[in-house]
Amino acid sequence: IVAPTSLIYNWQAELDKFAPSLSYIIISGSAEIRKQLIEQIPQYQLVITSYDSLKRDIDYYDQVEFDYCIADEAQYI
């Protein structure tokens with residue numbers, strides 16, 4: 001899920017409420033922390049990040065394959 005920064009924790013709250021069995025990771029924080037979190041993606045079913053973080057970290061996602069991409073507030077694209 002790619003969303004504006006202000007909404008990534010709203011997604012977390014919604015997942016906790018409506019889909020508590022899904023494992024997810026939020027890619028946020030400093031560049032080094034985000035890089036470490038991206039390396040952990042295979043352990044999770046769902047990834048949540050912001051448009052800004054995705055843009056900055058796009059090279060780190062090179063080897064990650066996703067089944068779906070959900071773009072919240074897609075006009076940011």
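This is a predicted model: local features need pLDDT of at least 70, side-chain atom pairs count only at pLDDT 80 or more; totals for chains, interfaces and linings use all residues.

User: OK. Is Ile38 buried or exposed, then?
Analyst: Ile38 is buried, because its relative accessible area is 3%, and the cut-off for buried is under 20%.

User: Which element holds Ile38?
Analyst: Helix H2, which covers residues 31-39.

User: And what does Ile38 touch, neighbours within four places in sequence aside?
Analyst: Ile27, Asp57, Tyr60, Tyr61 and Val64.

User: How far is Ile38 from Tyr9 in space?
Analyst: Their C-alpha atoms are 17 Å apart. In sequence, the two are 29 residues apart.

User: Let's do Ser53. Where does that one sit?
Analyst: Ser53 is in helix H3, which spans 51-57.

User: Buried or exposed?
Analyst: Ser53 is buried, since its relative accessible area of 9% is under 20%.

User: Which residues does Ser53 touch, leaving out those up to four places away?
Analyst: Ile27 and Arg34. Ile27 also turns up in the contacts of Ile38.

User: Switching topic. How many helices and strands are there in the chain?
Analyst: Three helices and three strands. From the N terminus on, the order is β-α-β-α-β-α. The radius of gyration is 12 Å, close to the 11 Å that the globule rule gives for 77 residues, so the chain is as compact as a globular protein of that length.

User: What box do the C-alpha atoms fill?
Analyst: Roughly 30 × 30 × 25 Å, taken along the principal axes.

User: What share of the residues counts as buried?
Analyst: Of the 77 residues, 32%.

User: Now pockets. What volume does the largest pocket have?
Analyst: About 440 Å³.

User: How many residues line the largest pocket, and which lie nearest its centre?
Analyst: The lining has 18 residues. Ile1, Val47, Phe66, Asp67 and Tyr68 lie nearest the centre.

User: How do the lining residues divide by type?
Analyst: There are 14 nonpolar, two polar and two charged.

User: Which strand gives the most to that lining?
Analyst: Strand E3, residues 46-50, with three residues.

User: Back to single residues. Where is Asp16?
Analyst: Asp16 lies in helix H1, residues 8-18. Asp16 is partly exposed, because its relative accessible area is 43%, between the 20% and 50% cut-offs.

User: How far is Asp16 from Leu37?
Analyst: Their C-alpha atoms are separated by 19 Å. Along the chain, they are 21 residues apart.

User: Last one, Ala71. Where is that found?
Analyst: In the segment after helix H3.

User: What is the relative accessible area of Ala71?
Analyst: It is 31%, so Ala71 is partly exposed.

User: And what is the distance from Ala71 to Gln43 in space?
Analyst: From C-alpha to C-alpha, 22 Å. The two are 28 residues apart in sequence.

How values were computed:
Residues are numbered from 1 along each chain as its sequence is written. Side-chain values use heavy atoms; hydrogens and water are left out. On a 1 Å grid over the protein atoms alone, a cavity is a set of points where a 1.4 Å probe fits but cannot get out, and a pocket is an open set with protein on both sides within 12 Å along at least five of seven lines; lining residues have an atom within 4 Å of a point. Grid points are joined across faces, edges and corners, and a volume is the space filled by probe spheres set on the points. Helices (H or I, at least four residues) and strands (E, at least two) are DSSP runs, numbered from the N terminus. Ala, Val, Leu, Ile, Met, Phe, Trp, Tyr, Cys and Pro count as nonpolar, Asp, Glu, Lys and Arg as charged, and the others, Gly among them, as polar. Buried means under 20% relative accessible area, exposed over 50%, partly exposed in between (1.4 Å probe, protein chains only). The radius of gyration is taken over C-alpha atoms; the globule rule is 2.2 Å times the number of residues to the power 0.38. Contact means heavy atoms within 4.5 Å.
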